Amino acid sequence: MIFTPDGVASAESNMTRFIAFAKEDLTIWGPDLIFDEPIWDVTDSYFVRGRPHRIKLRFCDRDKEGTFTPVPLEEPFAAQIKSVLRYRESIERREAAPLLSLSAYKTLLQAYRTTGMVPNLTNLTSSLVDTAVAIAGETSSYHAARVGVALAELSRFLFTNRLAPFAPPDYRHGVSRSYRKASEKGLPSEEALEALPKARLLATHPRDVILTNVMALLVVAPSRINELFALPSHCEVRPLDPHDDRYMLWWAGSKRHQDFIKGIPEALTPLAKESIGLLRKCTSAARDVALWYEKNPGALFLTSDLEHLRGKDLSVDDISLITGITSKWWATNRRLKSVVGGPTARYSFGEVERLFIAMLPSTFPIMDRKTGLKFSEALLVVPKNLFDMKTQAFTCMFEPITYSRVQEGFMKAGGVFARLGLSTPDQPITLKTNAFRHFLNTLAQRGGLSEYEIAAWSGRVDLNQNRAYDHRSPAELIHKVKRLQRNNGTAALRSEQRAPVSKLQVPKRFHGHATEIGYCEHDFSGAPCTMFMDCLHCTEHLCIKGFDPSHKARVDDALALAELSLEQAKHGAIFEEFGADDWVNSHQETIDRLSQLKAILEDDTIPDGAVIRLSKSGRYSLVEQAVRDHEAATGNIIVPPDAFDLRVRLKD
C-alpha cells in the first residue's frame, strides 16, 4: 500500500494521516502488532544464521547499565519513527531488520534533546541532522558515516512525502570514512596467524576442536561465518568427471548471493578435507540425536541401554544416565516435583520428558530457513551445553553452534588461545571471524585476480565491495600502476600501426559490438543505444547461425536462467510483492524471444551462415516510451506505431 500525501495540507496534517495509515492499514510485522507498545518483536519476519535470539525493535532508552527500560520514547517522535520504519519496510522488504535505522533515529533524538528542540520529525532541518552525525562521530567516523547515510534517507523520505518541509532532500554527511584505516583492524595479526595452526594441533576437547576447525574453514576460502552455519554434513562435492580431482564444497550464499559451489585452492584442499572430517566426527552424535527427535516427535531420546527406563519413575542416578549430567543436583535445580520424597526420591519420566522436549529449537526440525537444512543434516550442530564452561554437555539434547559461541572462543578472555596456553592476559591474542576474508581478498589482489574473480570466489554480488577488503599498501598500488604502464607501453611498441579508413569501408555488422548471443549492427557514431543493452528485444541485433559453436549453449543457459527468474517472480506475485507482476511480464517476454531464437538455431532446414533477426518485440526504447507516454497523456498521436521499427524505415 502506498501513502499519498495531501499536496495542500500542512506537514503536521500529513504526518497525522501518515501515522494513522501505518498504524491501521499496514500489516507488515503482523496484523496483530500492537503499535503503541515500546517493544516490537519482529523475529518471525527475519532469519539470521547463527543468531537464534529474538529480534526486537526497542522504542525506548537505555539506562546507565545499558539495559533497555520499559519507558517508551517521547511522543510524537516514537509514533513517527515507528510509522517510518513500518512503512518503508512494507515498500521495500529487506533481509535484515532495520536495527541500524532505528539506532540512527535514536541518535537524531539525542540531537533534538541536545539542541532543546521538541522531538518532532516535521521540524527536521539539516542543522539537526548535522548535530546527530556529530554525536555519532564521538564513537567513530565509521559510525558517524552510517548514521549520516540513514538520516539522509530519512530526510529525503520526509521531504518527498511532504512530512517535513525543511528536511534536506539531498543531504550529504561529509564524513570521511577511510576504508583502509577502519579495515586494517580486520586483518589477522601475525600472532593470530601463528597461533591458529598451533591451536588446531593442541586441541583435544571437542569444544576446541570444533572452534579451531570452524576458523580453519574460513581460511580455505574467503567466506562469511553465517555461511558456515548452513553447511550440511555432506557438503563435499565430487566433480562429474572422474579424472577431475578438484575439491569443492556446497556453499550457502548470503547478502543476496545465490547458493553455489565454492572451489578450494589445491594448496588448501588438505586443510579443508581434514577440517570437514574432524567437524563431522565431533558433531555426529548431535545429528543422531536430532534425527531421533525428528522420527519420534514428543518422545525423549534414550540410548538403547537405557530404553528400559522409558515410562518409569526415575531416580537421580537414572536422570544422570539419561542426561549425561553427573551432578546430583541437576533434578532439584530444575525444580522437578518428586513422586516419592526423601533420600530415595523418584521423579516422573513424563515430567523429565516434557522438560527436554521444551528445549527443542522453535524451528525444529528445520535449522536453516533459507536452504531448508535440517538439524539432522547440519555440520555445525553439537550436544547442548557443549560450550558451557560451568556444566557438562547433555547426551539427550542438541543445539546449533551460534555466532556468539565462535566469537567468545576467539575474542574474549579465556577463549581457545588462552585455554591452550597460546595467549596470556598480558598479551592476549584475538581473531575476528571476518579476518581471513580480508586476508584472502588482499592476497588475491596481490596475486592479480580480476575484480570479478575475487567477487565470485568470495560469494559477493557487488564488485564495488571488493574495495573494503583490499589492504594493499599505497606502495603496492603504485607499483601495480607502473607495471601496467610498462606492459601497455611495450605492447604499444609491438602493435602494428594502421592508417584510418572510411566508414564505408567497414562492414556494417562491425559498427556495434559482439553480444552473448549475437552481434549489434547499430552505428554508434550516429546515435547512442536507445535500448540500453537490451539486445534481445532490439531489431538492430542479429545472429549468424553456425558462426559460433557455443552460441546455442549460451542461448540454452540464458533461457534456463530466465525460466528460473520467472518462477521467482511468480512466487513474489503470489505474495503480492511490489513490482512482481511487472517482472513476471518481463521474464515471460524474454523467454518467448529466447525460445524463438532457439527454435531457429535447432531448425535443420535453416543453413549455417543465415542471418537471424527477431521480429520487433513489445518492448519500447526509452525514446519510444517517452513518445507513447506523451500520447497517452494528451491523446495526440505524434508518431505512427511502426515508425520506430528499423526494418520499416529501411524498407520505406
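1. Overall make-up. The protein chain of this predicted model has 22 helices and 17 strands. Buried residues make up 41% of its 652 residues. Among the contacts in the chain with a separation of 6 or more, 61% are accounted for by residues 24 or more positions apart.

2. The largest nonpolar core. This core holds 53 residues, and the members that touch the most others are Trp29, Leu108, Leu121, Leu151 and Leu158. Two or more residues are given to this core by each of α1 (11–24), α2 (77–91), α3 (99–115), α4 (126–137) and α5 (141–160), and α5 provides the largest share, with 8 residues. Leu151 illustrates the packing: when residues up to four places away in sequence are not counted, Leu151 touches Ala104, Tyr105, Leu108, Val129 and Ala132.

3. An open three-stranded sheet. The order in this sheet of 3 strands is β8-β10-β9, and the pairing is antiparallel. Because β8 (314–315) and β9 (338–340) each have a single partner strand, they stand at the edges, and one side of each is left without a neighbour in the sheet. The antiparallel pairing of β8 with β10 (residues 346–347) runs over 2 bridges, and here Ser315 stands opposite Arg346 of β10.

4. Helix α14. The buried residues in α14 (residues 403–411) include Tyr403, Val406, Gly409 and Phe410. Viewed down the axis of α14, its buried residues fall within an arc of 130 degrees, so they line one face of the helix. The cover over these buried residues includes α7 (190–202), α8 (206–220), α9 (225–228) and α15 (416–419).

5. Within α17 (residues 451–458), Ile454, Ala455 and Ser458 are buried. These residues cover an arc of only 95 degrees around the axis, and therefore lie on the same side of α17. Against the buried residues of α17 pack β7 and α16 (435–447). The helix α17 is followed by Gly459, whose phi is positive, near 70 degrees.

6. The loop between β6 and β7. Two residues of this loop deserve a look together. Arg256, which lies in the loop between β6 and β7, has a phi near 75 degrees, a positive value in a residue other than glycine, and it is exposed, with a relative accessible area of 61%. His257 is also placed in the loop between β6 (247–251) and β7 (260–264), but His257 counts as buried, because its relative accessibility is 18% and the cut-off for buried is under 20%. Apart from neighbours within four places in sequence, His257 is in contact with Gly459, Arg460 and Val461; Gly459 is the residue with positive phi that follows α17.

7. Asparagine 385. This residue, though not a glycine, has a positive phi of about 75 degrees. Asn385 is found in the loop between β13 (381–383) and β14 (398–400), and is buried, with a relative accessible area of 15%.

8. Cis peptide bonds. The bond from Glu75 to Pro76 is cis, with omega near 5 degrees, and Pro76 sits in the loop between β4 (68–72) and α2. A cis peptide bond also joins Phe364 and Pro365, with omega of about 10 degrees; Pro365 is placed in the loop between α13 (349–357) and β11 (366–368).

9. The second largest pocket. About 2,100 Å³ of space lies in this pocket. It is lined by 41 residues, of which Arg93, Glu95, His571, Gly572 and Glu577 are the closest to its centre. The elements giving two or more residues to the lining are α2, α19 (551–574) and α20 (580–602), with the largest share, 5 residues, coming from α19.

10. Cavities. There are 4 cavities of 30 Å³ or more in the structure, and the largest cavity has a volume of about 90 Å³. Of the 12 residues that line the largest cavity, Cys520, Cys529, Met531, Cys535 and Cys538 are the closest to its centre.

Note on methods:
Residues numbered from 1 in each chain as written. Predicted model: local features only at pLDDT ≥ 70, side-chain atom pairs only at ≥ 80, totals over all residues. Heavy atoms only, no water. Core = buried A, V, L, I, M, F, W, Y, C linked by side-chain atoms within 4.5 Å. Buried < 20%, exposed > 50% of the residue type's maximum accessible area, 1.4 Å probe, protein only. Helix = DSSP H or I, 4+ residues; strand = E, 2+ residues; numbered from the N terminus. Contact = heavy atoms within 4.5 Å. Pairing = 2+ DSSP bridges. Arc of directions from axis to C-beta. 1 Å grid on protein atoms, 1.4 Å probe; cavity = no way out; pocket = protein on both sides within 12 Å on 5 of 7 lines; lining within 4 Å. Points joined across faces, edges and corners; volume = space filled by probe spheres on them.
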